[in-house]
Amino acid sequence: MGKYENIIHLGRPCDSNHKPMSMHNRAAQFAPFDALTGFGGRIYESSRLTKERIELCEEQKLEINQKMRLIQEHINERVEVSITYFVPDETKDGGAYRTVTGVVHKIDEYDERVRLEDNTCIAFDDILGLDGHLFAESGE
């Protein structure tokens with residue numbers, strides 16, 4: 001006979017002075033203990049990957065500028081383009097590349113931004129690529 005064989009099959013003791021604890025409260029006693037509050041968030045943040053900004057060569061910049069001029073010439077035709085651009089991360093080095101498709105509302109040369117009809121604003125320096133039917137027709 002083992003050391004605890006005589007008590008292993010006994011029921012739960014009941015005390016008339018104290019009510020049994022609810023299952024929720026009993027489970028809470030065994031919940032994980034977060035000794036370092038907020039540390040889990042920091043671990044997640046440090047493991048989150050970002051991409052480095054790609055620096056375009058002069059030839060690529062020239063190609064984007066030519067496409068911007070072509071868009072400007074046809075702005076009244078409600079030109080729809082897909083723009084791939086860099087979005088800097090707010091909390092760490094690097095960022096992410098996004099592609100948005102929309103109708104160009106305005107090319108603001110003073111602020112160096114492209115504004116789409118959905119009010120998305122993209123800085124010229126953040127643009128990695130432009131694509132659309134306008135460029136295919138012109139051979140660019």
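Predicted model: local features only at pLDDT ≥ 70, side-chain atom pairs only at ≥ 80, totals over all residues.
Two strands count as paired if DSSP finds at least two bridges between them. Strand 2, residues 95-108, runs antiparallel to strand 3, residues 113-116, and four bridges join the two. Within this pairing, lysine 106 sits opposite arginine 115 of strand 3.

Zooming out, the sheet is an open one built from five strands, lined up in the order 4-3-2-1-5 with antiparallel pairing. Strand 4 (121-123) and strand 5 (127-131) take the edges; each has a single partner strand, so one side of each is left without a neighbour in the sheet. From one strand to the next, the twist averages 40 degrees. As background, strands of a sheet pair through backbone hydrogen bonds, in either a parallel or an antiparallel fashion.

Next comes the helix that goes with the sheet. Helix 3, made of residues 58-73, packs on the sheet and touches strand 1 (80-88), strand 2, strand 3 and strand 5. The direction of helix 3 makes about 50 degrees with that of strand 5.

What about the start of the chain? Tyr4, Ile7 and Leu10 together make a nonpolar surface patch of about 340 Å². Tyrosine 4, one of these residues, lies in the segment before helix 1 (23-29). Methionine 23 belongs to helix 1 itself. Is methionine 23 buried or exposed? Its relative accessible area is 64%, and exposed means over 50%, so methionine 23 is exposed. Methionine 23 and threonine 84 are 61 residues apart along the chain, and their C-alpha atoms are separated by 53 Å.

Conventions: Residues numbered from 1 in each chain as written. Heavy atoms only, no water. Axes fitted to C-alpha atoms, helices over the stretch in contact; angles between N-to-C directions. Contact = heavy atoms within 4.5 Å. Patch = residues over 30% accessible without salt bridge, like charges linked within 9 Å, V, L, I, M, F, W, Y side chains within 5 Å. Areas by Shrake-Rupley, 256 points an atom, 1.4 Å probe, with all protein chains shown as cover. Salt bridge = Lys/Arg side-chain N within 4 Å of Asp/Glu carboxyl O. Buried < 20%, exposed > 50% of the residue type's maximum accessible area, 1.4 Å probe, protein only.
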